[in-house]
Structure formats: C-alpha cells, structure tokens
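The sequence and the model are shown first.

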Amino acid sequence: MPTFREAVEAKDAAALEALLADDVVFTSPVAFKPYQGKAITAAILRGVLRVFEDFRYVREIHDGAHHVYEFEATVDGLKINGCDLLTFGADGKITDFKVMVRPLRAAEALAARMGAQFEAIKADALG
C-alpha cells in the first residue's frame with residue numbers, strides 16, 4: 001500500500017480511502033464543524049483532488065503518530081499554501097485529518113470551489 005504522500009501525489013483516491021480509519025475526523029479549513037467518518041472524508045478528498053492544481057508537498061514533519069505535510073498548490077489562479085495535519089492510529093490508519101490553508105483570498109477561492117461541488121460530494125459519500 002502506498003504511503004499517504006505517495007497516494008496524494010499519484011492522485012490515487014482509492015489508496016487514500018484505504019488509509020482512512022472508519023471513524024476518521026476531518027477538519028476542513030473552510031467548514032465550521034468537522035466531518036466524521038470514512039465515506040464523507042474520502043468524498044471530500046476526491047473533491048480536493050479535482051480542485052487543486054499544481055499540487056506539491058514541500059515539507060514533512062513526523063513525530064510518532066503525528067505527521068505534518070506542508071503543501072503548495074493553485075486554486076483559480078491563486079497560490080495557496082497549507083498543511084495537512086494527520087494522526088495515525090496503531091493500525092496505521094488516519095484517525096484525525098486537519099487541513100489549514102492561507103492566504104485568505106486563496107482559502108476563499110477554495111471554499112467557493114468546494115462549495116460548488118458539495119452536493120455532489122455528499123452524494124458521492126452516500127455511494
């Protein structure tokens with residue numbers, strides 16, 4: 001099975017989903033409350049893979065079960081910088097997934113793009 005970074009860089013949505021714990025909690029940079037569960041988190045990640053352009057990781061920090069991946073990408077022509085903060089359980093599955101992004105204009109563009117497809121994301125999560 002590929003690592004998290006390998007799955008993201010390959011845009012391998014199935015591998016990403018396989019890395020998620022059933023009860024994963026996903027905290028979005030643009031939503032008020034966290035999402036709970038593998039199905040909705042996987043659907044959101046598939047949406048993100050469609051929205052980000054020129055995505056690349058520029059730094060990794062690991063401390064036991066905690067991993068931080070700093071990334072750069074483009075959304076609607078705006079450069080975005082962010083971090084994926086992950087916690088892995090004893091079984092190697094992601095139990096907590098938090099994303100933070102900057103600057104504000106790029107975060108707003110991300111929110112608009114993700115919001116435009118959110119009904120499709122919810123339908124995707126329901127299978």
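Helix α4 has 13 residues, which at 1.5 Å a residue should span 18 Å, and its end C-alpha atoms are 18 Å apart, in agreement. The expected span is 1.5 Å times one less than the number of residues in the helix. Helices (H or I, at least four residues) and strands (E, at least two) are DSSP runs, numbered from the N terminus. The model is predicted: local features need pLDDT of at least 70 and side-chain atom pairs count only at pLDDT 80 or more, while totals for chains, interfaces and linings use all residues. Residues are numbered from 1 along each chain as its sequence is written, and side-chain values use heavy atoms, with hydrogens and water left out.

**Helices**

In α4, the buried residues are A106, A107, A109, L110 and M114. Seen down the helix axis, the buried residues of α4 fall within an arc of 160°, so they line one face. The arc is that of the directions from the helix axis to the C-beta atoms. Buried means under 20% relative accessible area, exposed means over 50%, and partly exposed is in between (1.4 Å probe, protein chains only). L104, R105 and A116 are exposed on the other side of α4.

Helix α5 covers residues 118–126, and F118, I121 and A125 are its buried residues. These cover an arc of only 50° around the axis, which puts them on the same side of α5. E119 and L126 are exposed on the other side of α5.

How many of the 14 residues of α3 are buried? The number is 11, so α3 is largely enclosed by the rest of the structure. The buried residues of α3 include I40, R46, G47 and V51. The 14 residues of α3 should span 20 Å at 1.5 Å a residue, and the end C-alpha atoms are 20 Å apart, which agrees. K38 also lies in α3, and at 21% relative accessibility K38 counts as partly exposed. From C-alpha to C-alpha, K38 and E9 are 20 Å apart in space and 29 residues apart in sequence.

**The largest pocket**

The largest pocket holds about 430 Å³ of space. On a 1 Å grid over the protein atoms alone, a pocket is an open set of points where a 1.4 Å probe fits, with protein on both sides within 12 Å along at least five of seven lines; lining residues have an atom within 4 Å of a point. Grid points are joined across faces, edges and corners, and the volume is the space filled by probe spheres set on the points.

The lining has 27 residues, and I44, L45, V48, L49 and F52 lie nearest the centre of the pocket. At least two lining residues come from each of α1 (4–9), α3 (38–51), β3 (53–63), β6 (94–102) and α4 (104–116). By class, 22 lining residues are nonpolar, two polar and three charged. Here Ala, Val, Leu, Ile, Met, Phe, Trp, Tyr, Cys and Pro count as nonpolar, Asp, Glu, Lys and Arg as charged, and the others, Gly among them, as polar.

**Aromatic rings**

Rings of Phe, Tyr and Trp (its six-membered ring) pair if their centres lie within 6.5 Å; planes under 30 degrees apart count as stacked, over 60 as edge-to-face and the rest as tilted. By this rule there are 11 aromatic pairs. The ring centres of Y57 and Y69 are 5.4 Å apart and the planes are at 55°, so this pair is tilted. Y57 is in strand β3 and Y69 in strand β4 (residues 66–75), so the pair ties together parts that are 12 residues apart in sequence. Y57 is buried at 6% relative accessibility, and Y69 is buried at 4%. One aromatic cluster is formed by F4, F26, F52, F55, Y57, Y69, F71 and F97.

**Backbone geometry**

Most residues other than glycine have a negative phi, and most peptide bonds are trans.

| Residue | Phi | Place | Relative accessible area |

The peptide bond from R102 to P103 is cis, with omega near -10°. P103 is in the loop between β6 and α4.

D63 lies in strand β3 and is exposed at 56% relative accessibility. D63 and T87 are 24 residues apart in sequence, and their C-alpha atoms are 9.8 Å apart in space.
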